[in-house]
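Please open the structure in your viewer and keep the sequence beside it. The tour below goes from one selection to the next.

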Amino acid sequence: MDVRLAVVGATGNVGRIMVELLERREFPATHVRFLSSKRSAGTAIRFRGRDHVVEELTTDSFAGVDLAVASTPDDVARDFLPHAVRAGAVVVDESGYFRMNPDVPLVIPEVNGHAIARHKGIIASPNCSTTQMVQCLKPLHDFARVRRVVVSTYQAASGAGLKASEELDAQAHAMLHGQPVQPKEFAHQLAFNCIPHIGGMKDGGFTSEEIKMVLETRKMLEDESIQVCPTCVRIPVANGHSESIVVETERKVTVEKARELFAATPGLAVVDDLANKKYPMPKDCSGRDETFVGRIRIDPSHPTSLAFWCVSDNLRKGAATNAVQIAEALIQGWQSGAIPRRAAECLATAGA
């Protein structure tokens with residue numbers, strides 16, 4: 001099958017990982033174009049043994065493109081991706097702009113890959129913190145129906161972008177050498193500190209990052225009754241988000257059954273041996289495509305509640321890997337005829 005691919009935001013943190021994955025996973029594209037901002041246009045990306053010149057993203061960039069995989073800020077997604085659909089392309093969008101649009105499937109392939117077939121031109125990839133949690137919730141929900149989730153996230157600096165990662169490095173160096181720290185990317189000093197504030201302020205004292213976890217979870221698990229109480233915290237870790245999760249289900253799930261369910265779920269890996277000090281940690285999970293689960297235990301405060309810990313590379317499964325997996329599933333659907341090759345129109349023009 002002849003597939004002409006565009007990678008939008010190819011020079012960014014997530015975009016570069018997308019490019020790496022497309023090559024390593026031998027993505028079946030016959031022609032690939034790399035698009036980015038005017039600032040990065042003209043630079044070169046090495047792909048499949050040769051250099052490709054990065055083109056500036058414009059509204060006319062998608063002529064002849066069948067599939068676009070995009071990682072951009074929300075406003076860029078809003079302004080440019082509908083043009084891709086009108087040009088005949090299907091878009092896998094990693095931004096947050098279209099996620100809660102009812103006409104846009106929000107997809108983790110291992111969780112709700114069937115939703116890809118409902119696309120009208122755009123398929124959204126979820127927020128990084130939601131992705132790893134919903135991967136873990138899915139087998140529990142299928143087995144015992146999830147009723148309520150209390151989650152606290154411990155999110156790495158890389159989730160806030162390259163400049164944020166550089167700021168953490170600079171702050172740590174400054175503090176270790178007795179120099180003053182000047183926060184720019186974060187509201188407060190992040191080095192040797194925790195900031196319980198990610199995203200904008202929303203109703204009820206929650207932040208936008210926390211609200212994403214509530215709404216996206218319900219959408220992907222297709223159950224509006226699931227109650228989610230999140231607290232999202234930025235911590236001084238370079239890469240890899242961690243989450244402490246307590247899940248109440250309709251019927252009890254034993255630790256042994258939970259381990260069995262997690263181990264049998266594609267994309268999850270169980271690392272759970274407290275006696276031998278083995279559990280998921282960001283330093284071990286960074287650079288990996290799986291989501292790792294450990295510290296699995298019964299919640300003694302509730303008869304049908306389970307507690308566990310999960311860690312995932314937020315730039316990979318939380319972003320680039322998931323988007324590439326959606327694109328792979330899309331092409332498989334094209335090949336089988338189960339998914340339309342092009343959308344006649346895209347109704348997904350309103351934001352989340």
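**The sheet and its cysteines**

Begin by selecting residues 146-155, strand β9, together with residues 241-249, strand β11, which pair in the antiparallel sense over 8 bridges; strands here are DSSP runs of E, at least two residues long, numbered from the N terminus, and two of them pair if DSSP finds at least two bridges between them. Within this pair, pick V150, whose bridge partner in β11 is V246.

This is a predicted model, in which local features need pLDDT of at least 70 and side-chain atom pairs count only at pLDDT 80 or more, while totals for chains, interfaces and linings use all residues. Residues are numbered from 1 along each chain as its sequence is written, and side-chain values use heavy atoms, with hydrogens and water left out.

Now widen the selection to the open sheet of 6 strands, which runs in the order β10-β9-β11-β14-β13-β12 with mixed pairing. Its edge strands, each pairing on one side only, are β10 (227-234) and β12 (268-270).

Turn next to the cysteines, where a disulfide is a pair of sulfur atoms within 2.5 Å, and by this rule the count comes to 0 disulfides. With buried meaning under 20% relative accessible area (1.4 Å probe, protein chains only), C136 counts as buried at 0%, and C232 counts as buried at 0%.

Notes: Buried < 20%, exposed > 50% of the residue type's maximum accessible area, 1.4 Å probe, protein only. Helix = DSSP H or I, 4+ residues; strand = E, 2+ residues; numbered from the N terminus.
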